[in-house]
Amino acid sequence: ARPSENRCHPRHADAAEAEMKKNNWTMAVAIVGPTGDLVYFRRVDNTQFGSTAIAVHKAKAAAIFKRPT
């Protein structure tokens, strides 16, 4: 997710985590600013370690190329 104007709140990650729990998923959430810089990160228990890097790179690519995740 890309918050506009670098306004990041944990509620953005809360919404993603609620969807994870609803679907019984384990994953990482990375929120970046418009330039792709990491602003907020959260990883739930039992998430694969590789998911950390993937989440950050996916969010960064989405911001840089202005594409949804």
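Contact here means heavy atoms within 4.5 Å. Keep that in mind, please.

Now the ground rules. This is a predicted model: local features need pLDDT of at least 70, side-chain atom pairs count only at pLDDT 80 or more, and totals for chains, interfaces and linings use all residues. Residues are numbered from 1 along each chain as its sequence is written, and side-chain values use heavy atoms, with hydrogens and water left out.

Let's start with the overall layout. The protein chain has 2 helices and 2 strands. From the N terminus, their order is α-β-β-α. Helices (H or I, at least four residues) and strands (E, at least two) are DSSP runs, numbered from the N terminus. Of the 69 residues in the chain, 26% are buried. Buried means under 20% relative accessible area, exposed means over 50%, and partly exposed lies in between, with a 1.4 Å probe and protein chains only. Take contacts between residues at least 6 apart in sequence: 46% of them join residues at least 24 apart.

Next, helix 1. Helix 1 covers residues 10-23, which is 14 residues. From first C-alpha to last, helix 1 reaches 20 Å, close to the 20 Å expected at 1.5 Å a residue. That expected span is 1.5 Å times one less than the number of residues. Which residues of helix 1 are buried? They are Ala13, Glu17 and Met20. Seen down the helix axis, these buried residues fall within an arc of 50 degrees, so they line one face of helix 1. The arc is taken from the directions from the helix axis to the C-beta atoms. Turned away from that buried side are the exposed residues Arg11, Ala15 and Lys22. What covers the buried residues includes strand 1 and strand 2 (38-43). Just after helix 1, Asn24 takes a positive phi of about 60 degrees.

Look at Glu17 now. Glu17 sits in helix 1. Its relative accessible area is 17%, so Glu17 counts as buried. Leaving out residues up to four places away in sequence, Glu17 touches Arg42 and Val44.

On to the cores. A nonpolar core is a set of buried Ala, Val, Leu, Ile, Met, Phe, Trp, Tyr and Cys residues joined through side-chain atoms within 4.5 Å. In soluble globular proteins, nonpolar side chains tend to be buried together. The largest core has 6 residues: Ala28, Ala30, Val32, Ala55, Ala59 and Ala63. A second, separate core has 5 residues, including Ala13, Val29, Ile31 and Val44. Back to Ala55: it touches Ala28, Ala30 and Phe41, again not counting residues up to four places away.

Now a loop. Where is Thr35 found? Thr35 is in the loop between strand 1 and strand 2. Thr35 is exposed, at 55% relative accessible area. Thr35 and Ala63 are 28 residues apart in sequence, and 6.4 Å apart in space, C-alpha to C-alpha.

Last, the largest pocket. On a 1 Å grid over the protein atoms alone, a pocket is an open set of points where a 1.4 Å probe fits, with protein on both sides within 12 Å along at least five of seven lines; lining residues have an atom within 4 Å of a point. The volume of the largest pocket is about 400 Å³. Its lining has 18 residues, and Met27, Ala28, Val29, Ala30 and Lys58 lie nearest the centre. Helix 1, strand 1 and helix 2 each supply at least two lining residues. Helix 2 gives the largest share, 5 residues.

Key
Grid points are joined across faces, edges and corners, and a volume is the space filled by probe spheres set on the points.
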